Amino acid sequence: MVRIIDRRFDSKKKSTVNRQRFMRRFKGQIRRAVSDAIEGRSIRDLDSGEQISIPAKDLSEPSFHQGREGVWEQVFSGNDRFAEGDAIDRPLSGEGGGGSKASKDGEGEDDFVFALSREEFLDIFFEDLALPNLVRTQLAKITEFKSRRAGFTSDGVPTNINVVRSLRGALGRRMALGGPLAARVREINAELEELEQDEIANAERIKALKEERANLRVRMEAIPFIDQFDLRYNNRVKEPQPVTQAVMFCLMDVSGSMDEHKKSTAKRFFMLLYLFLKRNYEHIEVVFVRHHTIAKEVDENDFFYSRESGGTVVSSALHMMTDIIRERYSPSQWNIYGAQASDGDNWDNDSPLCYKILDEELLALVRYFAYIEITAGEPQNLWRQYEALSERHPNFAMQRIESLEDIYPVFRELFKKEPA
Amino acid sequence: MSDIILERKKLPSGAEWSFEAIDAYHEEIARVAADYGLDTYRVQIEMITSEQMMDAYASVGMPVNYHHWTFGKQFLATERQYKRGQMGLAYEIVINSDPCIAYLMEENTLTMQALVIAHAAYGHNAFFKGNYLFRTWTSPDAIVDYLIFARNYIAQCEERHGVEAVEELLDSCHALMNLGVDRYKRPPKLSMAKERERQQEREAYLQSQVNELWRTLPEQETSEAPRERPRFPPEPQENLLYFIEKHAPLLEPWQREIVRIVRKVAQYFFPQRQTQVMNEGWASFWHYTLLNTLYDEGLLADSFMMEFLHSHSSVLYQPNYNDPWYNGINPYALGFAMWQDIRRICEQPTDEDRAWFPEIAGSDWRETFDFAMRNFKDESFIAQFLSPKLMREFKFFAVVDDDEKSKLSVSAIHDEHGFRALRERLSNQYNLGCREPNIQIWNVDVRGDRSLTLRYQPYNRRPLADSAEEVMKHLARLWGFTVRLETVQPDGSARVSYECRREKRHAGNGGSAQR
């Protein structure tokens with residue numbers, strides 16, 4: 001018999017370490033590929049793994065080998081037309097490729113493509129990022145409790161007595177204690193029935209038995225119907241109830257000045273925010289509010305792809321956000337995040353109003369509010385109002401984005417890990 | 001004969017394998033292999049999952065290896081190919097160890113398991129045991145232990161000196177791996193116990209040697225005029241990693257040990273690189289012959305044979321030069337055809353064979369096989385045994401690509417006039433001396449700036465590929481001082497092609513990055 005060893009169940013994932021080493025080494029390239037990959041996806045559709053491709057030349061391992069020049073003589077198979085001494089136009093290598101001239105490990109110039117798992121994908125995305133105010137969120141979690149049934153206990157307060165359980169216990173106890181007595185009574189009854197066929201002869205015995213039966217009955221009646229011992233109380237424990245739900249408000253200016261390019265920049269910013277929050281909350285809702293002079297709650301498609309024109313009144317969206325929070329998302333149960341994207345163009349007399357809404361109302365309700373201004377131009381009045389705001393409120397942040405490449409750095413800046 | 005056939009029971013058929021079925025197949029294959037006189041190491045069969053197979057592929061086919069990102073990269077590449085179905089047939093790994101370990105993948109059908117047993121556990125196994133290169137350069141009884149030692153040692157270094165420092169060092173060693181072998185000297189036997197025992201001693205000793213070489217005490221003044229100093233090393237050295245291990249001025253003892261580990265592993269795989277055609281051809285010949293013998297004995301179902309022949313012929317397919325999937329000469333196809341052909345020359349020689357192969361035409365094929373398997377490598381095997389008949393069958397032709405001429409030219413084809421030239425060209429193609437650049441350590445400026453000079457001797461005017469610049473940086477990292485590479489010109493003079501400068505005062509302790 002040959003030695004056959006079944007190794008299928010040992011040392012799985014042997015390559016994990018090597019795989020991690022690979023990821024670590026090419027973090028930069030992988031990160032770039034990941035951020036390319038999110039383009040063209042919907043906001044909620046980002047939370048999966050990804051095929052990543054990075055340039056093969058970046059990860060080639062150099063070694064000494066001969067270059068293409070000089071004299072090469074190579075043997076090919078399948079001669080169909082050549083005779084010795086024939087001259088051939090040069091690109092035979094296109095037909096024949098391969099051989100010793102191909103790159104050493106046969107990888108050629110193609111990109112190196114591989115699959116990232118969902119975890120790896122998101123890890124790379126959110127490395128170095130942490131939720132602002134995360135500490136506070138965690139503390140808040142513990143203060144909210146929910147009472148939950150947790151079986152039965154044998155002591156407690158009368159209001160918590162569980163009648164069915166208690167009576168069931170009593171019945172069991174009565175059966176256990178009274179059972180032997182009842183059995184003896186049945187025996188006596190049977191014997192008496194027999195003896196009573198000749199009552200005279202057995203008179204004495206009958207009397208004794210009847211006496212015993214009476215005693216037994218007394219004892220049986222002495223067994224209490226319910227005892228302290230039988231009582232069962234409903235047990236309730238308090239469990240800390242983490243608030244693992246969040247709502248994210250996307251506010252966007254859709255006035256005529258916000259062109260497709262700016263909207264797609266905003267979209268990617270919102271995507272990042274969604275993904276980021278998704279990592280921290282089990283349940284997350286997204287509310288899209290767009291506005292020009294008036295605000296409107298819409299679905300994602302309308303949010304990004306329909307065009308409006310006309311003026312801009314930013315405060316309309318802030319008003320609407322406040323209203324929606326009051327109606328649907330109580331801050332005691334929801335972690336609320338707001339992100340506003342605009343090109344910074346607002347009616348002059350509206351900007352102080354925005355300041356007021358945020359300062360007096362909204363920022364007290366939300367965990368974090370981020371404003372991004374997508375423009376290459378000079379900051380305008382809204383920006384200056386907001387600047388004053390960010391000095392007063394640590395949960396308010398603002399950044400300017402000029403082009404797509406800025407999104408990720410800006411996002412990181414907005415949501416950077418706060419030093420412990 | 002027919003009585004024996006009747007006695008034997010047909011082997012289990014169907015796609016599903018079981019341990020009993022594998023055992024039954026193995027028993028019959030082993031019996032037939034012994035009948036044919038195959039001398040092998042003991043066989044150990046290990047059943048593994050496809051993921052484990054990819055692991056094994058990723059770590060150059062060894063059951064254990066040290067950790068490095070390049071193996072992670074291999075794994076990802078293999079995984080992708082496998083998932084796309086580009087790979088599968090080749091899923092067979094056998095380890096040159098005693099006992100010889102053959103991996104079977106659980107996803108394979110019973111037929112494939114039998115094929116792999118015949119191919120790997122008997123074909124490759126016998127080759128490992130018999131071929132002179134493997135006998136000289138490898139120690140099958142010690143390799144697994146050595147790799148365990150290496151992995152543990154490198155893991156310890158990572159703990160002590162940081163993953164990054166070790167990774168950089170390994171990167172540099174890997175870049176020089178192909179030039180980390182002795183071609184002619186036989187290395188001492190590897191063994192974990194000895195290795196561990198001697199390692200401490202070696203550290204101390206090596207360091208003292210290096211110190212001696214690099215001593216900075218001023219030499220005694222002599223009144224004579226400065227005489228021509230002997231070059232160091234006195235003879236050019238081809239084993240770069242060995243030279244670095246022994247003489248690099250700034251390496252720490254643990255770094256020398258890692259250089260040594262990479263060198264030993266490179267050395268272990270050196271015979272594989274020189275015997276691919278022979279070895280794969282040999283293993284293919286034997287799986288084909290062993291299983292056909294079993295079929296002739298009536299042990300195998302027709303369905304088994306159909307599946308077996310299907311995968312056999314897809315592995316051994318040789319596309320023509322103008323097929324889109326042509327990727328050079330398939331070593332399986334060439335090797336298999338040559339071994340088949342040698343048997344034919346022994347058993348049914350033609351006049352042409354008698355003229356070309358007077359010593360083997362009509363000889364006992366098994367003796368001839370044994371002789372050929374033991375004493376050749378690809379280069380000499382082809383030079384010795386490639387017959388005109390095969391060259392005609394493959395329709396071989398040789399093409400010269402000279403960058404100084406505007407057109408390619410056909411230098412030889414499969415005709416009476418071209419056979420010898422063609423055979424020599426093909427043999428050359430497998431000669432590592434032509435395939436790999438000839439680079440040797442030429443000089444060290446022992447008394448001056450400690451710079452290291454390599455010399456490249458171009459073959460057929462071929463320059464080094466651009467990657468050389470990167471490799472030189474790795475070399476400089478190991479050496480710790482300026483390194484340069486000179487190319488020998490047609491007139492015999494040498495000209496500097498690459499230089500990677502490292503000033504003495506900037507050199508760290510050999511580990512600082514160039515990137």
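Predicted model: local features only at pLDDT ≥ 70, side-chain atom pairs only at ≥ 80, totals over all residues.
## Where chain B meets chain A

Now for the interface itself. On the chain B side, 98 residues are in contact with 65 residues of chain A. The size of an interface is often given as the accessible area lost when the parts come together. Here chain B and chain A bury about 7500 Å² between them, and 53% of that is on carbon and sulfur atoms.

The rule picks out 47 residue pairs in polar contact across the interface of chain B and chain A, with both residues at pLDDT 80 or more. Helix α4 (residues 69-83) of chain B gives the most to the side of chain B that touches chain A, putting in 10 residues. Salt bridges between chain B and chain A come to 11. One salt bridge links Lys73(B) to Glu61(A), with the closest N and O atoms 3.4 Å apart.

## Salt bridges inside each chain

Over all chains, a search of the whole structure turns up 44 salt bridges. Take Asp230(A) and Arg173(A), whose side chains meet at 2.6 Å, N to O. Asp230(A) is in the loop between α7 (203-222) and β7 (233-240) of chain A and Arg173(A) is in helix α6 of chain A, so this pair ties together parts that are 57 residues apart in sequence. Asp230(A) and Arg173(A) are both buried.

In chain B, Arg344(B) forms a salt bridge with Asp341(B), and their closest N and O atoms are 2.9 Å apart. What separates these two along helix α14 (residues 331-347) of chain B? About one helical turn, because Arg344(B) and Asp341(B) are 3 residues apart in that helix. An α-helix has 3.6 residues a turn, so residues three or four places apart point the same way. Arg344(B) counts as buried because its relative accessibility is 16%, and Asp341(B) is buried as well, with a relative accessible area of 4%. Elsewhere, salt bridges that share partners join Arg24(A), Arg25(A), Glu164(B), Glu167(B) and Asp171(B) into one network.

## An exposed loop residue in chain A

Is Ser154(A) buried or exposed? At 52% relative accessibility, Ser154(A) counts as exposed, because the cut-off is over 50%. Ser154(A) is found in the loop between β6 (145-153) and α6 (163-195) of chain A. Leaving aside residues up to four places away in sequence, Ser154(A) touches Leu231(A), Arg232(A) and Tyr233(A). Glu221(A) is 67 residues away along the chain from Ser154(A), and their C-alpha atoms are separated by 25 Å.

Helix α5 of chain B is mostly covered, with 20 of its 21 residues buried. How does its length check out? At 1.5 Å a residue, the 21 residues of helix α5 (residues 110-130) should span 30 Å, and the end C-alpha atoms are 29 Å apart, which agrees.

As for the overall layout, the domain assignment of chain B gives domain 1 (19-131 + 275-309), domain 2 (322-434) and domain 3 (437-500). The C-alpha centres of domain 1 and domain 3 of chain B lie 42 Å apart.

Conventions: Residues numbered from 1 in each chain as written. Chains lettered and ligands numbered in written order. Heavy atoms only, no water. Helix = DSSP H or I, 4+ residues; strand = E, 2+ residues; numbered from the N terminus. Expected span 1.5 Å × (residues − 1). Buried < 20%, exposed > 50% of the residue type's maximum accessible area, 1.4 Å probe, protein only. Domains from an automatic or database assignment. Contact = heavy atoms within 4.5 Å. Buried area = accessible area lost by both parts, 1.4 Å probe. Salt bridge = Lys/Arg side-chain N within 4 Å of Asp/Glu carboxyl O. Polar contact = N/O pair within 3.5 Å; in protein donor to acceptor, adjacent residues only side chain to side chain.
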